[in-house]
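The sequence and structure are shown first.

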Amino acid sequence: MSERLRRDRDSDGRARNARPRDGLGRPLPYGSPGVERAPEGVERTPDATVAEAQQLLDDGKPFHAHEVFEDAWKSGPDAERGLWRGLAQLAVGLTHAARGNFTGAASLLTRGAESIEPFTDEAPHGIDVAGLCDWAVTLASGMPTRTELPDASTIAPRLRP
């Protein structure tokens, strides 16, 4: 098999890109120093999920926060999947903004807000759903006129009040 057609695989044989990533999840050349990736498939408590994701957001690593939310979305109770999926979408929207994809950022921030909005009245796990919706809509509305890349850590939301 040619070197070009060979794919990185994880320990279970599934295709998984092994290239290092930067803080926004962009692949770097093999052998480059990268940011440690959040482990996938980890079952965390909701409190641990929120705490770990908040730390990653505060550190300017929304791509990695999205992976933490994705674990909760995939392993959590069905009744909360929309919440965790929406939070993952917000983190990806923030990732797109920091990468300069302002159109994609606006779309994902809006979609994420729509996904979590049904949880506003009885916000689970102390998550500030109403505040996150307001943050996402405000940030999304400013995307069309943005010309400079934002620092993800300076525009990251607070998940809890």
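His 64 is buried, with a relative accessible area of 1%; buried means under 20% relative accessible area, exposed over 50%, and partly exposed in between (1.4 Å probe, protein chains only). The model is predicted: local features need pLDDT of at least 70, side-chain atom pairs count only at pLDDT 80 or more, and totals for chains, interfaces and linings use all residues. Residues are numbered from 1 along each chain as its sequence is written, and side-chain values use heavy atoms, with hydrogens and water left out.

His 64 belongs to helix H2; helices (H or I, at least four residues) and strands (E, at least two) are DSSP runs, numbered from the N terminus. Not counting residues up to four places away in sequence, His 64 touches Asp 22, Gly 23, Gly 25, Val 35, Glu 36, Arg 37, Ala 38 and Leu 56. Contact here means heavy atoms within 4.5 Å.

H2 covers residues 62-75, and its 14 residues should span 20 Å at 1.5 Å a residue; the end C-alpha atoms are 20 Å apart, which agrees. The expected span of a helix is 1.5 Å times one less than its number of residues. H2 is mostly covered, with 10 of its 14 residues buried. Among these buried residues are Pro 62, Phe 63, His 66 and Asp 71. The cover over the buried residues of H2 includes helix H1 (46-58), helix H3 (81-99) and helix H6 (152-155).

## Val 68 and Arg 44

Val 68 also lies in helix H2. With a relative accessible area of 0%, Val 68 is buried. Leaving aside neighbours within four places in sequence, Val 68 is in contact with Ala 38, Arg 44, Thr 49, Glu 52, Ala 53 and Leu 56. Val 68 and Val 42 are 26 residues apart in sequence, and their C-alpha atoms are 8.0 Å apart in space.

Arg 44, one of the contacts of Val 68, is located in the segment before H1. Is Arg 44 buried or exposed? At 17% relative accessibility, Arg 44 counts as buried. Apart from residues up to four places away in sequence, Arg 44 touches Pro 39, Thr 49, Glu 52, Val 68 and Asp 71.

The side chain of Arg 44 makes a polar contact of 2.8 Å with the side chain of Glu 52. A polar contact is a pair of N or O atoms within 3.5 Å; within protein, one must be able to donate a hydrogen and the other to accept it, and residues adjacent in sequence count only if both atoms are side-chain atoms. A polar atom of the Arg 44 side chain also lies 3.4 Å from the backbone oxygen of Val 42.

H3 has 19 residues and reaches 27 Å from its first C-alpha to its last, close to the 27 Å expected at 1.5 Å a residue. Of the 19 residues of H3, 16 are buried, so this helix is largely enclosed by the rest of the structure. H3 is followed by Gly 100, whose phi is positive, near 95 degrees.

Gly 93 lies in helix H3 and counts as buried at 0% relative accessibility. Leaving aside neighbours within four places in sequence, Gly 93 is in contact with Ala 105, Leu 108 and Leu 109. The C-alpha atoms of Gly 93 and Leu 109 are separated by 5.0 Å, although these residues are 16 residues apart along the chain.

## His 125

His 125 is placed in the loop between helix H4 (102-116) and H5. Although His 125 is not a glycine, its phi is positive, at about 60 degrees. His 125 counts as partly exposed at 27% relative accessibility.

The table lists the accessibility of the residues discussed.

| Residue | Relative accessible area | Class |
|---|---|---|
| His 64 | 1% | buried |
| Val 68 | 0% | buried |
| Arg 44 | 17% | buried |
| Gly 93 | 0% | buried |
| His 125 | 27% | partly exposed |

## The cavity

The count comes to one cavity of 30 Å³ or more. On a 1 Å grid over the protein atoms alone, a cavity is a set of points where a 1.4 Å probe fits but cannot get out, and lining residues have an atom within 4 Å of a point. About 50 Å³ of space lies in the largest cavity; grid points are joined across faces, edges and corners, and a volume is the space filled by probe spheres set on the points.

The lining of the largest cavity includes Leu 57, Phe 69, Trp 135 and Pro 157. H3 and helix H5 (129-142) each supply at least two residues of this lining, and H3 gives the most, with four residues. The lining residues divide into 10 nonpolar, no polar and no charged; Ala, Val, Leu, Ile, Met, Phe, Trp, Tyr, Cys and Pro count as nonpolar, Asp, Glu, Lys and Arg as charged, and the others, Gly among them, as polar.

Notes: On a 1 Å grid over the protein atoms alone, a cavity is a set of points where a 1.4 Å probe fits but cannot get out, and a pocket is an open set with protein on both sides within 12 Å along at least five of seven lines; lining residues have an atom within 4 Å of a point.
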